[in-house]
Amino acid sequence: MKPLTLLNYARDQWVQGAGSLVELPSAVTGEVVAATGSSGLDFKAMLDHARNVGGPALRKLTFHERAWMLKALANAIMARKEELYELSYETGATRTDGWIDIEGGAGTLFSFSSKGRRELPNSRVLIDGAMEPLSRGGTFVGQHVYTPLQGVAVHINAFNFPVWGMLEKLGPTLLAGVPAIVKPASATAWLAEAAFRIMIEADVLPQGALQFIAGSTGDLLDHLTLQDVVSFTGSAATAMKLQSHPVIARESVRFIAERDSLNASVLGPDAAPGTPEFDLFVKEVVREMTVKAGQKCTAIRRAMAPAEHLDAVQQAIADRLARVKIGNPREEGVTMGALASQDQRDSVRAAVAELSRSARVVAGDPDRSWGNGGAFLEPILLRSDDPWGSPAIHDVEPFGPVSTIMPYKDLDDAVALANRGMGSLALSLFTYDNRVAEDFVLGAGAYHGRMMILDRTSAKESTGHGSPLPVLVHGGPGRAGGGEEMGGIRGVTHYMQRTALQGAPEMLSKVVKQWLPGADKPTGDTHPFRLRISELDIGYTLKTASRTVTLEDVEHFAHFTGDTFYAHMDEEAAKASPIFEGRVAHGYLILSFAAGLFVEPAPGPVLANTGLENLRFQTPLYPGDSMRVELTVKSKSVRDEERGEVRWAVSIFNQKDEVVATYDLLTMNRP
Ligand code: NAP
């Protein structure tokens, strides 16, 4: 393969680094694959471009418009994925490893796109939680909101997943409305550059939204401000260096760190040899050692088993490892490729040497070499019989196909050993006993970002110990960096500022584009069910006539539905309850009468009732009372040309104007 010259993408132009470039070798053959460098870039100008051009353009778009962009980017990656697989082999990755990186990366964008359209409003301010009443008269309220940061997200990525690692950060960043400058790890930068190029060529992003540094970041960090975010993935040493950068400290620049992690997997005390959980544990440890040649931040580095089962665990893992076929990842039948570089292999060997002082190698030969210049390494299983006397096994991260097995005495000991990693990204527990799981979650939850409890019922559909998912939080406390990425919409808010707004409900309603309790409720001549979404104003309200609810209504409803609960049917028993003064109308009857009062029956823009949320019955309605309804447009969101959703705030009052019930009604409407 002819060596590639990697380019930077700065201020919407592709530019080659000045001066001599750094050559990047193939993980498989050792031959030069690409040359890279970023000398000569004006990093301050790149930041300014993102702030002055990219940010404003992204912030003009609504969450839904940005979400559609993510989908287009993911489609572009998928349409050209074979080009990426070709380049991925040279990083040492098998087709399966490449699938996690390339299609897993695109999948993450798809997921953020769909969550953005389903869970975020089709507007630009995100409401956080419910309105807080702050005054007796209701004229002064509080509402938390998120708005996009007005700076740049600087993404500094690790070498192991050049595509996924870039896209899992870009999804939430772009959805939040923040431009990004991506700096991939050099060792595999040719793959990151190719994926980045595909996104630029898809031509769906506004100018200034994305830039790319193919080399060092120069003086970039010197020019950061309070509106910027650094999202870093890599080693603890680099994270600490960057986090203590004087500008980052002085400006309180948000710093998201995803660092190394001594992840644990625990065989439950109940999971003896012969149980399905024992086999699942062995399979998972081997899988985590060999997928991506163990170069996963979430890989199982410490595998713990009851002391009496440790020999059986060792034997079963060694037997499985013996079946692993290592070699050129392009070759048929190869199940484990190479490490990313010879340097990486050297550092794994050094880590194994350090671990060997307190643990012994029981499978694999760390010194075995292949003669073709590739960075191959056999999977290495170590065993420590004295895990409390071997601090290195809880501290040294061999970032390769290496894991250490160790015994535990009882469940408390297992919990303490798992927590001895001082903060991890992922923990897995193999047990069929829910009491074991409960003790583990309480004892270890605070130390781990994600915990997977696996047993015979969930194994088949499990996504595995090592897979971060776009909908779940990725990150962990302490040693793992204390950062959090993804987790669905939580990840988007990492690139936004939360602000507590205070003011009059009407004022805040206009700002957040959602009707808030206490805001105006204008009425009009047209029934709101006759209006399309585009014609409905936020706050527009229908006030219905009232109707009396009789004892016959309650009787009829009870016998018609079968709901003859005493509170509706037995005057004495109802009176004896601490809540009611006598027989009361069914809540469901009240809801049904409410619909009867507000519905406009003819076919029109309202297509269907899709749900009801936050229902609260506040005051009992007694036979002889009357009820009326106020139906208010709370928020609206167009999904596509055919449909959208309207959320209505419904309040039901009695003849004394006391609130009987409140809820949100959801309808699907024509836009
Ligand atoms: P690394 O050496 O710390 O490098 C990480 C990134 O930082 C690379 O892009 C690197 O660029 C950049 N970098 C290094 N020094 C820098 C500086 N002074 N200023 C700006 N950028 C700088 O880590 P790595 O070896 O690539 O990755 C392996 C480590 O990452 C392992 O410890 C692993 O556990 C961890 N990791 C964690 C996660 C997670 O999600 N928690 C995921 C994957 C990996 P260059 O490559 O150009 O030096």
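Domain bounds here come from an automatic or database domain assignment. On that basis the chain, a predicted model, is divided into domain 1 (42–127 + 146–259), domain 2 (263–469) and domain 3 (521–669). The C-alpha centres of domain 1 and domain 2 are 30 Å apart.

The chain has 671 residues, of which 56% count as buried. Its secondary structure consists of 19 helices and 28 strands. Along the principal axes, the C-alpha atoms fill a box of roughly 90 × 60 × 45 Å. Among contacts in the chain with a separation of 6 or more, 72% are made by residues 24 or more positions apart. A search of the whole structure returns 34 salt bridges.

The interface between domain 1 and domain 2 was examined next. Contact across this interface involves 16 residues of domain 1 and 18 residues of domain 2. The two domains bury an area of about 1400 Å² between them, and carbon and sulfur atoms give 58% of this area. Polar contacts join 6 residue pairs between domain 1 and domain 2, with both residues of each pair at pLDDT 80 or more. On the side of domain 1 that touches domain 2, helix H3 (81–89) and helix H4 (95–119) are the elements that give two or more residues. The residues on that side comprise 6 nonpolar, 5 polar and 5 charged.

Across the interface of domain 1 and domain 2, the rule identifies 2 salt bridges. A salt bridge is also found between the side chains of Glu90 and Arg330, with the closest N and O atoms 2.7 Å apart. Glu90 is located in the loop between H3 and H4, and Arg330 in the loop between helix H10 (310–321) and helix H11 (342–355), so the pair ties together parts that are 240 residues apart in sequence. With a relative accessibility of 10%, Glu90 counts as buried, whereas Arg330, at 38%, counts as partly exposed.

Asp433 and Arg435 form another side-chain salt bridge, with an N to O distance of 3.2 Å. Asp433 is buried, its relative accessible area being 17%, while Arg435 is exposed, with a value of 58%.

Two individual positions were also considered. Thr404 is placed in strand S17 (residues 402–408). Its relative accessibility is 3%, so Thr404 counts as buried. When residues up to four places away in sequence are not counted, Thr404 touches Arg301, Arg302, Ala303, Leu355, Ala359, Leu382, Arg383, Ser384 and Ile393.

Gly17 is found in the loop between strand S3 (13–15) and strand S4 (22–25). Gly17 has a relative accessibility of 5% and therefore counts as buried. Apart from its neighbours within four places in sequence, Gly17 is in contact with Asn8, Gly37, Ser38 and Ser39. The C-alpha atoms of Gly17 and Ala271 are separated by 56 Å, and the two residues are 254 residues apart along the chain.

Terms used. Residues are numbered from 1 along each chain as its sequence is written. This is a predicted model: local features need pLDDT of at least 70, side-chain atom pairs count only at pLDDT 80 or more; totals for chains, interfaces and linings use all residues. Side-chain values use heavy atoms; hydrogens and water are left out. Contact means heavy atoms within 4.5 Å. Buried area is the accessible area (1.4 Å probe) that two parts lose on being put together, summed over both. A salt bridge is a side-chain nitrogen of Lys or Arg within 4 Å of a carboxyl oxygen of Asp or Glu. A polar contact is a pair of N or O atoms within 3.5 Å; within protein, one must be able to donate a hydrogen and the other to accept it, and residues adjacent in sequence count only if both atoms are side-chain atoms. Helices (H or I, at least four residues) and strands (E, at least two) are DSSP runs, numbered from the N terminus. Ala, Val, Leu, Ile, Met, Phe, Trp, Tyr, Cys and Pro count as nonpolar, Asp, Glu, Lys and Arg as charged, and the others, Gly among them, as polar. Buried means under 20% relative accessible area, exposed over 50%, partly exposed in between (1.4 Å probe, protein chains only).
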